[in-house]
Amino acid sequence: MVHITDSVRKSFLGNGFVVVPDVVTGGHLRRGIELFDDELRENPVPEAYIGSHSFNPPCGRRGDAFIEFYRAVGIKSLVDELLGPEFFSLFPPPPQLITTVPHCLDVPAHYPHIDGLDPNREAKPVPFSIQVGIWLTDFSGPGMGNLVVWPGSHLTLGDHLAVHGVRAVYNYPVGSAPYPRDVPLGEPVEVRGAAGSVVFSHYLLAHTSGRAIPATSETAWRKTMYYRVVTESLEKDPDIVLKSPLHEFT
């Protein structure tokens, strides 16, 4: 059984993300692909579309199947091992499903985003504690539609919001990627790993989608489930994770 080691926890705290291999294997991996493909048939990629295509399973029986998958694989216990000893995660809603269709153009290297921001900038952000990305296909090489992240950006952004307030997260031009332009960023990296790996990432981690090298068949399409997990503490006080990124983890 896979567990969160001290080195895995240290990497997550410092970088804002970590990849844990061999979490989803055998029948679980086959079941995940089956669930994903069933939804993809219900939400087909538009004809001639290229790039990253995302959709969410509906609530009800189909959505419940994804929550059962999350439970059966043992993801909740891994999330709880990442959290500090007094924090416990809640079961998330059905995941966001993302498939990357090849022939995707390069993504600008300095336009990351974070999730849960109001497009009209009227409401506070709606954060979560951890994003859990389950890789149903291989991401071990470059240019495979990999997740692209800016290591340590969760700490930099958290320090910025602690000084300027949580609404400072909306300091970016209208129509551009939702990430404040006055927060410095380091160099981005492509996150890599084999099918069955799970990437755990912090809510405040700056991220985007990477490019996908052209391929000739649908077998090269990349498939990821993204579960967004919160704790009871975060439900009561959403600002905690925005201004003190490591509060729930130490």
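Are F12 and F249 buried or exposed? Both F12 and F249 are buried, with buried meaning under 20% relative accessible area and exposed over 50%, partly exposed falling in between (1.4 Å probe, protein chains only). Before going on, keep in mind that this is a predicted model, where local features need pLDDT of at least 70, side-chain atom pairs count only at pLDDT 80 or more, and totals for chains, interfaces and linings use all residues. Residues are numbered from 1 along each chain as its sequence is written, and side-chain values use heavy atoms, with hydrogens and water left out.

Let's stay with the rings. Rings of Phe, Tyr and Trp (its six-membered ring) pair if their centres lie within 6.5 Å; planes under 30 degrees apart are called stacked, over 60 edge-to-face, and the rest tilted. That gives seven aromatic pairs. One of them is F12 with F249, a tilted pair at 5.1 Å centre to centre and 55 degrees between the planes. F12 sits in helix α1 (residues 6-15) and F249 in the segment after α7 (239-243), so this pair ties together parts that are 237 residues apart in sequence. Helices here are DSSP runs of H or I with at least four residues, strands are runs of E with at least two, and both are numbered from the N terminus.

Y70 and Y227 make another tilted pair, at 4.9 Å centre to centre with 50 degrees between the planes. Since Y70 belongs to helix α3 and Y227 to strand β9, the pair ties together parts that are 157 residues apart in sequence. Y70 counts as buried at 0% relative accessibility, and Y227 counts as buried at 0% too. Ring pairs also bring in F91, linking Y70, F91 and Y227 into a cluster.

Now look at helix α2 (residues 26-42). Its buried residues are L29, G32, L35, F36, E39 and L40. Covering the buried residues are, among others, α3 (61-73), β3 (96-101) and β9 (222-229).

Strand β3 holds T99, which counts as buried at 0% relative accessibility. T99 touches, among others, F36 and L40 (heavy atoms within 4.5 Å), not counting residues up to four places away in sequence. A polar atom of the T99 side chain also lies 3.0 Å from the backbone oxygen of R222.

Note on methods:
Polar contact = N/O pair within 3.5 Å; in protein donor to acceptor, adjacent residues only side chain to side chain.
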